[in-house]
Amino acid sequence: MSVSPFVTPPHLELSVFSGPFDLLYQLMQKGEIGWNDLILKEVATKFDQFEEVDEKSAFLSHFVHLAWLKASSYFPEAPIENEENETPLSIMEIIESYQVARLLRTNLEEQESLSSLIHRRAPLPPLPTQKGLEGVAIQELEKLFKALLEKQSFKFLLPVEIEVSITQVLELLLEKLHIPLPFENLFCQNERKDWIPTFLAILEGIKQEKIELLENGRLCRKEMNT
Amino acid sequence: MQKRDEHLRALEALLFVSPKPLSEKEIAAHLSTHFEDIQVKQLIQTLQNQYIEQKRAFRVGFVSGGYLLETHPEVYPYISSLTAPRKSRLSKGALEVLSIIAYKQPITRPEIEAIRGIDSGPHVENLLEGEWISSRGKKDVPGRPTLFGTTEKFLLHFNLPSIEELVSKIG
């Protein structure tokens, strides 16, 4: 709520104050005249003193503004915001930060060149945990795989009956792989349900270094060999 | 074999096996189960001195607040054929965003953009995906934007002992 600056503030003669409206606002905001000392009813009675329409409208406008200010003084105070969080970065801060960041970038580039001459052990991939594998701990998987190596049934893993062990499948694969074969050819003759033991057998063969995976380039055809 | 030599062997084995930098506290915790009165800092210095005196291929590095074994830069030509290049493949823009985050962390994306004067969203996304930076909670301002900070990977890759060390170099 504001008062137009183009209207000359009307002059007031009150019991606590004598002067134009704008001076009254200033004195009240400074606390030199208390909000409780100002009686709006007394101000309202001064309306009749003004005869010109412009003066009357200016008075009304100022009166409403004064009433709003007085009413606002009774509102609870707004909590003070944390200025540090609210204040955006100043131009000087932005310039300084950018200059430092540019220096840092150059520094990082140099540091990377030096760092590339140094080698360390590669960090190990994190072990799957109960959280990572939706409730399956790595020890449980190991136990399961050991069972699959020897057991001739996948019944406890799959809803279908597969009467073969990974060890047996691996032996069959090794027989097939006396010549290099494309990866997908190891699967094509089997039924879909046989894919799982075949794939696990390939992994086991690679782990035992009995099977080698050959790939001539990135995303090239994969071949298996013994 | 003297007691101190045995301590040194144990320390060397620990540093060799560990895939991540070990702090003094962690080294002390590991060694204290086997030995008493371990002075980790002195032990590390002795091991480092031995490597220097004997012109060994290894040295004890101090990165991300911990110690680890690393090859000496002088032997790089002999191992370069075996090792993959350690370039970050970060663009200049991404590196600039990473520098701002390193310097002003924790910092929000709008603050990064205010400093750079351009949209930095894709760079921030890429840095997050590459684990160069991570979320550090939310800023307590309207909209609660995410705060970002650098990760251990950042320190390890750029061979930095700490963020303070990096900032102090240019300060």
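This is a predicted model: local features need pLDDT of at least 70, side-chain atom pairs count only at pLDDT 80 or more; totals for chains, interfaces and linings use all residues.
Q: How many residues does chain B bring to its contact with chain A?
A: Both chains contribute to this contact, with chain A putting in 29 residues. The area buried between the two is about 3,500 Å², and carbon and sulfur atoms give 61% of that. On the chain B side, the count is 43 residues.

Q: Which helix of chain B supplies the largest share of the side that touches chain A?
A: Several elements of chain B each supply at least two residues here, including helix H1 (3-17), strand E1 (58-63) and helix H9 (163-170). Helix H5 (92-104) is also one of them. With seven residues, the largest share comes from H5(B).

Q: How many nonpolar residues are on the side of chain B that touches chain A?
A: Sorted by class, that side of chain B has 12 charged residues and eight polar ones. The nonpolar count there is 23.

Q: How many salt bridges cross the interface of chain B and chain A?
A: Side chains of opposite charge can pair when their charged atoms come close. Over all chains, the salt bridge count comes to 16. Between chain B and chain A there are also 13 residue pairs in polar contact, both residues being at pLDDT 80 or more. As for salt bridges across this interface, the rule finds four.

Q: Which residue of chain B forms a salt bridge with Arg105(A)?
A: Arg105(A) sits in helix H5 (residues 91-115) of chain A, and its partner is in helix H5 of chain B, so to speak a pair crossing between chains. The closest N and O atoms are 3.4 Å apart, within the 4 Å cut-off for a salt bridge. The partner is Glu96(B).

Q: How far apart are the closest N and O atoms of Lys92(B) and Glu109(A)?
A: A salt bridge needs the nitrogen within 4 Å of the carboxyl oxygen. Lys92(B) and Glu109(A) form one, and their closest N and O atoms are apart by 3.1 Å.

Q: Why is one side of E3(B) and of E4(B) left without a neighbour in the sheet?
A: The open sheet has three strands in the order E3-E5-E4 (chain B), paired antiparallel. Strand E3 (107-108) and strand E4 (133-138) stand at the edges, so each has a single partner strand.

Q: Which residue of E5(B) stands opposite Thr108(B)?
A: E3(B) and strand E5 (residues 146-150) of chain B run antiparallel and are joined by two bridges. Opposite Thr108(B) stands Leu147(B).

How values were computed. Residues are numbered from 1 along each chain as its sequence is written. Chains are lettered from A and ligands numbered from 1 in the order in which they are written. Side-chain values use heavy atoms; hydrogens and water are left out. Contact means heavy atoms within 4.5 Å. Buried area is the accessible area (1.4 Å probe) that two parts lose on being put together, summed over both. A salt bridge is a side-chain nitrogen of Lys or Arg within 4 Å of a carboxyl oxygen of Asp or Glu. A polar contact is a pair of N or O atoms within 3.5 Å; within protein, one must be able to donate a hydrogen and the other to accept it, and residues adjacent in sequence count only if both atoms are side-chain atoms. Helices (H or I, at least four residues) and strands (E, at least two) are DSSP runs, numbered from the N terminus. Ala, Val, Leu, Ile, Met, Phe, Trp, Tyr, Cys and Pro count as nonpolar, Asp, Glu, Lys and Arg as charged, and the others, Gly among them, as polar. Two strands pair if DSSP finds at least two bridges between them.
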